[in-house]
Amino acid sequence: MRTQVGRKVPSPTRTMAELGEADEAELQRLVAAEQQKAQFTAQVHHFMELCWDKCVEKPGNRLDSRTENCLSSCVDRFIDTTLAITSRFAQIVQKGGQ
């Protein structure tokens, strides 16, 4: 172990066998959070493709008002849906924690 300003700093190269239950649970939580981020990012990219395909007929230097309105509505629906899903998951998690 190295010291830093008089404190012992744990070595970052511990093996999985050396992890305690709390460390292992924290690692699993972090991995799950990263997986959720990756899934969300993939969904955002997929959604962007859907909105693009639906709304943009021919790419150009500027968006016409119809295309701009279509993209705005598409994004609004995505945000509303995401908020509803997030709220529902929060309710499920809260019920599970009680």
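This is a predicted model: local features need pLDDT of at least 70, side-chain atom pairs count only at pLDDT 80 or more; totals for chains, interfaces and linings use all residues.
Biologist: Okay, the big picture then. In what order do the elements of the protein run from the N terminus on?

Modeller: Helices (H or I, at least four residues) and strands (E, at least two) are DSSP runs, numbered from the N terminus. The protein has 2 helices and 2 strands. Reading from the N terminus, the order is β-β-α-α.

Biologist: And what share of the 98 residues counts as buried?

Modeller: Cys55 is one that does, at 0% relative accessibility. Thr67 counts as buried too, at 8%. Over the 98 residues of the protein, the buried share comes to 10%.

Biologist: I see cysteines facing each other. How many disulfides does a search of the whole structure find?

Modeller: The test is a pair of cysteine sulfur atoms within 2.5 Å. Cys51 and Cys74 pass with S to S at 1.8 Å, and Cys55 and Cys70 pass at 2.0 Å. Searching the whole structure gives a disulfide count of 2.

Biologist: Numbering the bonded cysteines in sequence order, what is the pairing?

Modeller: Cys51 is joined to Cys74. Cys55 goes with Cys70. In sequence-order numbering, that pairing reads 1-4, 2-3.

Biologist: Is the disulfide of Cys51 and Cys74 left-handed or right-handed?

Modeller: Look at the torsion about the S-S bond of Cys51 and Cys74. It is about -85°, so this disulfide is left-handed.

Biologist: How many residues apart in sequence are the parts that Cys51 and Cys74 tie together?

Modeller: The disulfide has Cys51 on one side and Cys74 on the other. Cys51 lies in helix H1 and Cys74 in helix H2, so the parts tied together are separated in sequence by 23 residues.

Biologist: Zoom in on Phe47. How far apart in space are Phe47 and Cys74, C-alpha to C-alpha?

Modeller: Phe47 sits in helix H1 and counts as buried at 18% relative accessibility. With contact meaning heavy atoms within 4.5 Å, and leaving out residues up to four places away in sequence, Phe47 touches Cys74, Val75 and Phe78. Phe47 and Cys74 are 27 residues apart in sequence, and their C-alpha to C-alpha distance is 8.9 Å.

Biologist: Which residues does Thr67 touch, not counting those up to four places away in sequence?

Modeller: Thr67 belongs to helix H2 (residues 65–96). Val56, for its part, is in contact with Cys51, Thr67 and Leu71, again leaving aside neighbours within four places. From the Thr67 side, the list is Cys55 and Val56.

Biologist: Now the charges. How many salt bridges are there?

Modeller: The rule is a side-chain nitrogen of Lys or Arg within 4 Å of a carboxyl oxygen of Asp or Glu. Arg29 and Glu26 qualify at 2.7 Å, Glu34 and Lys37 at 3.2 Å, and Glu57 with Arg66 at 2.5 Å. The salt bridge count is 3.

Biologist: Is Glu57 buried or exposed?

Modeller: Arg66, the salt-bridge partner of Glu57, is partly exposed at 42% relative accessible area. Glu57 has a relative accessible area of 66%, so Glu57 is exposed.

Biologist: Last one: by about how much are Arg29 and Glu26 separated along helix H1?

Modeller: Both are partly exposed, Arg29 at 47% and Glu26 at 35%. They are 3 residues apart in helix H1, so the separation is about one helical turn.

Methods
Residues are numbered from 1 along each chain as its sequence is written. Side-chain values use heavy atoms; hydrogens and water are left out. Buried means under 20% relative accessible area, exposed over 50%, partly exposed in between (1.4 Å probe, protein chains only).
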